[in-house]
Amino acid sequence: MALSRKKWNSIIIMASVLMISVLTVIEKNSQQIPLQTQALFDKAAPLSQLQYGEFWLQKRQSGWRCSSEVLNCLEWANAWQQVHISALTEKPETAEEAIELVIQVDDLDDAQLWVLFQQQGLLKSPAGNWYQVPPSLREALKPIIRAQVN
């Protein structure tokens, strides 16, 4: 039995609406932060400086400043200010190179040395506690670096 042109158009329209609905639901669910997360920084202890490997950011009265190689300074600083983490009960397996983070919080004299496993979204605190960053927030925590010509 052959379908008429009108029926084919109806099938295509229905399939398109269904696909858009499914993609919308997936997008909304992937951007949500899990309920059991907590902010790493808050108003009582805001981020003031961060050393991410060889790149840095610093909060000044005039705004955020970053290494000259960082192209997305404001977005990168905002991502770190608003990062949420989930506490892990067991030490996770790590399969990648660690990035050292030196974090300075306002009103604290000493900086803290954290360890970040970027791809897995794992953070290790100075006290040895492990935390995980939700997948939707991980990419923004990496700086966009200016390409270098040799």
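Start by selecting strands β6 (residues 99-105) and β7 (residues 112-117): β6 and β7 pair in the antiparallel sense over five bridges. Two strands count as paired if DSSP finds at least two bridges between them, and the strands themselves are DSSP runs (E, at least two residues), numbered from the N terminus, with helices being H or I runs of at least four residues.

Before you click on, note that this is a predicted model, in which local features need pLDDT of at least 70 and side-chain atom pairs count only at pLDDT 80 or more, while totals for chains, interfaces and linings use all residues. Residues are numbered from 1 along each chain as its sequence is written, and side-chain values use heavy atoms, with hydrogens and water left out.

**Around β6**

Now go to the six residues between the two strands and find Asp107, which takes a positive phi near 70°. Next, bring up strand β2 (residues 47-52), which pairs with β6, again antiparallel and over five bridges. To see one of those contacts, select Leu47: its bridge partner in β6 is Val105.

**The rings**

The structure holds three aromatic pairs (rings of Phe, Tyr and Trp, using the six-membered ring of Trp, with centres within 6.5 Å). For one of them, show Trp114 and Tyr131: the ring centres are 6.0 Å apart and the planes sit at 40°, so this pair is tilted. Planes under 30 degrees apart would count as stacked and over 60 as edge-to-face, with tilted covering the rest. Trp114 belongs to β7 and Tyr131 to strand β9 (residues 130-132), so the pair links distant parts of the chain, 17 residues apart. Both residues are buried, that is, under 20% relative accessible area with a 1.4 Å probe and protein chains only (exposed is over 50%, partly exposed in between).

**The disulfide**

How many disulfides does a search of the whole structure find? One. Select Cys66 and Cys73, whose sulfur atoms lie 2.1 Å apart; the cut-off for a disulfide is within 2.5 Å. The torsion about the S-S bond of Cys66 and Cys73 is about 80°, so the disulfide is right-handed. Cys66 counts as buried because its relative accessibility is 11%, and Cys73 counts as buried at 15%.

**Last stop**

Finish on helix α1 (residues 5-31), where you'll find Ile26.
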